[in-house]
Amino acid sequence: MMPEKKIALVWFKTNLRLRDNECLFNAVEENDIVIPFYCLDDHLFQITAFKFKKTGDFRLKFLKESLQQLEQDLRKVGSGLVLLKGTPEKEIFKLVKEYGAQRIYAEKEVAPEELCTQKKVTDKLLGLNCSFSTFDCRNLFRAEDLPFSLELLPDVFTAFRKSTENKVSIRPVLPKPLAIPSPPIAALNLAILNELDSTDIIADPRAAIQFKGGTEQAHQRLHYYLYETRALSIYKQTRNGMVGERYSSKFSAWLALGCISARELYEAIKKYEVAYRANESTYWLVFELLWRDYFGFCMQKNAKRYFQRSANLQSMLANTDQFNMKLNHWINGTTGVPFIDANMIELKLTGFMSNRGRQNVASYFCNDLCLDWRYGAAYFEQQLIDYDVCNNWGNWAYLAGVGNDPRTTRYFNIDKQSATYDPDQVFQQLWLES
Ligand SMILES: Cc1cc2nc3c(=O)[nH]c(=O)nc-3n(C[C@H](O)[C@H](O)[C@H](O)COP(=O)(O)OP(=O)(O)OC[C@H]3O[C@@H](n4cnc5c(N)ncnc54)[C@H](O)[C@@H]3O)c2cc1C
């Protein structure tokens, strides 16, 4: 008797790439038939408890572009992308039955809502004899390679860095599969994508960068930032900038959807160092990627604390007239504080804001406006093209003093910050003079 064929589904989520994708790599190694799919989860297109969209238009456009690119990449290796839309547990259940799949390969989740969705999917699969396996796809480090268990993750970034940097090895990038054994898969259903309500985005010529989703664009940006401009070699000096394409890497949007992996970036930085010499700046980009890892691991350790209201007793009750007025001024860049307003207008019109800007507007929101930080974080979640659940809620919690760091508040003196980082007001003029 012929042995039964092993059939697997690969669930793409925020790992929209073929190279360095642990789910895809393992699925292809271990199965005879592999069916890649993405599920447009209805939940991601709803309004949150904070009354913002869960996915705003900038990110939606970027997601559509990334999915189209992913499908093209999958076609090149003999496969395709099944696009589902609805409630993941129901849609995935149907897909498992349709293909007789025995195993699902999915990215490991760490945040509460994502874990809840995953649990609903696995519960629904119980009667189907289909197992569910998860794989780390996000970080530089694998959790099991750390010298401590996650319950003992240091509460301060520096302690985390010192116990991992140059001590824990970063696993090599996994190759992309040369061929994926899939049954015929219909062309990507663009009608489903187009049905999603995204008002046409008007590209603002003042935007720091015109983002476009997908692996190809991610690698083009990498090439531009490292080789065409060699901006990486001066990153440490420019990274607090606010105007233009080169002051920082802008890798965040592609990292957030996994069009490129942190390990691919690390590998590229190491190659660059061999070609052009390592310096403080090349080191600093890896340092920032360690912050990204840290927020990823913190989410696993502290998730519950991250979504709690601030302990600041002065913080105003939500949904009162005064609260709504202050919130709207902040969102629309009409607070009357030029440095804050310029940053908020940039975010509203482009879906992006520099790290310096994010720190200031978040501090202003918590410490000057005294508003419940979760509303600020939820607005960022809607608006940011590079929204990443761990980075966004982790950074906000850190600034609001509800994270794991022992310092309770991080107050930014806005006038001082403006004078230091925008001394000639080039940034403020760019966004405030229309
Ligand atoms: C309130 C607040 C909210 C934020 N929300 C997000 C978010 O939703 N998504 C997101 O990717 N980043 C977020 N950040 C972190 C940071 O602002 C952005 O990653 C960065 O500005 C993106 O631009 P870049 O890629 O040019 O960064 P670069 O300066 O070039 O840094 C390279 C990469 O390092 C990582 N990184 C840099 N700074 C941080 C940081 N503070 N925390 C975690 N990772 C970091 C990012 O992956 C970034 O792409 C937030 C920061 C704050 C203060």
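Asp73 counts as buried, at 13% relative accessibility, where buried means under 20% relative accessible area, exposed over 50%, and partly exposed in between (1.4 Å probe, protein chains only). The structure is a predicted model, in which local features need pLDDT of at least 70 and side-chain atom pairs count only at pLDDT 80 or more, while totals for chains, interfaces and linings use all residues. Residues are numbered from 1 along each chain as its sequence is written, and side-chain values use heavy atoms, with hydrogens and water left out.

The partner of Asp73 is Lys76, and the two form a salt bridge whose closest N and O atoms are 3.8 Å apart; a salt bridge here is a side-chain nitrogen of Lys or Arg within 4 Å of a carboxyl oxygen of Asp or Glu. Both residues lie in helix α2 (residues 57-76), three residues apart, which is about one turn of the helix, with helices (H or I, at least four residues) and strands (E, at least two) taken as DSSP runs numbered from the N terminus.

Another is formed by Asp386 and Arg358, with the closest N and O atoms 2.8 Å apart. Asp386 lies in the loop between α15 (373-383) and α16 (389-400), and Arg358 in helix α14 (residues 355-368), so this pair ties together parts that are 28 residues apart in sequence. Asp386 is buried, with a relative accessible area of 6%, and Arg358 also counts as buried, at 17%. Elsewhere, salt bridges that share partners join Asp20, Glu22, Lys108, Asp136, Arg142, Glu144, Asp145, Arg171 and Arg263 into one network.

We can now turn to the domains. The assignment, which is automatic or comes from a database, gives domain 1 (1-137), domain 2 (138-169 + 211-306) and domain 3 (308-432). The C-alpha centres of domain 1 and domain 3 lie 33 Å apart, and their contact, meaning heavy atoms within 4.5 Å, takes 13 residues from domain 1 and 21 residues from domain 3. The size of an interface is often given as the accessible area lost when the parts come together. Between domain 1 and domain 3 about 1300 Å² is buried, of which carbon and sulfur atoms give 65%; this buried area is the accessible area (1.4 Å probe) that the two parts lose on being put together, summed over both. In domain 1, Phe50, Phe52 and Phe58 lose the most area to domain 3, together 52% of what that side buries. The count between these two domains is one salt bridge.

The last stop is Tyr105, which has its place in strand β4 (residues 103-107) and is buried, with a relative accessible area of 0%. The C-alpha atoms of Tyr105 and Phe135 are separated by 7.5 Å, although the two residues are 30 residues apart along the chain. Leaving aside residues up to four places away in sequence, Tyr105 touches several others, including Trp11, Cys23, Asn31 and Phe135. With the side chain of Asn31, the side chain of Tyr105 makes a polar contact at 3.0 Å, a term for a pair of N or O atoms within 3.5 Å in which, within protein, one must be able to donate a hydrogen and the other to accept it, and residues adjacent in sequence count only if both atoms are side-chain atoms.
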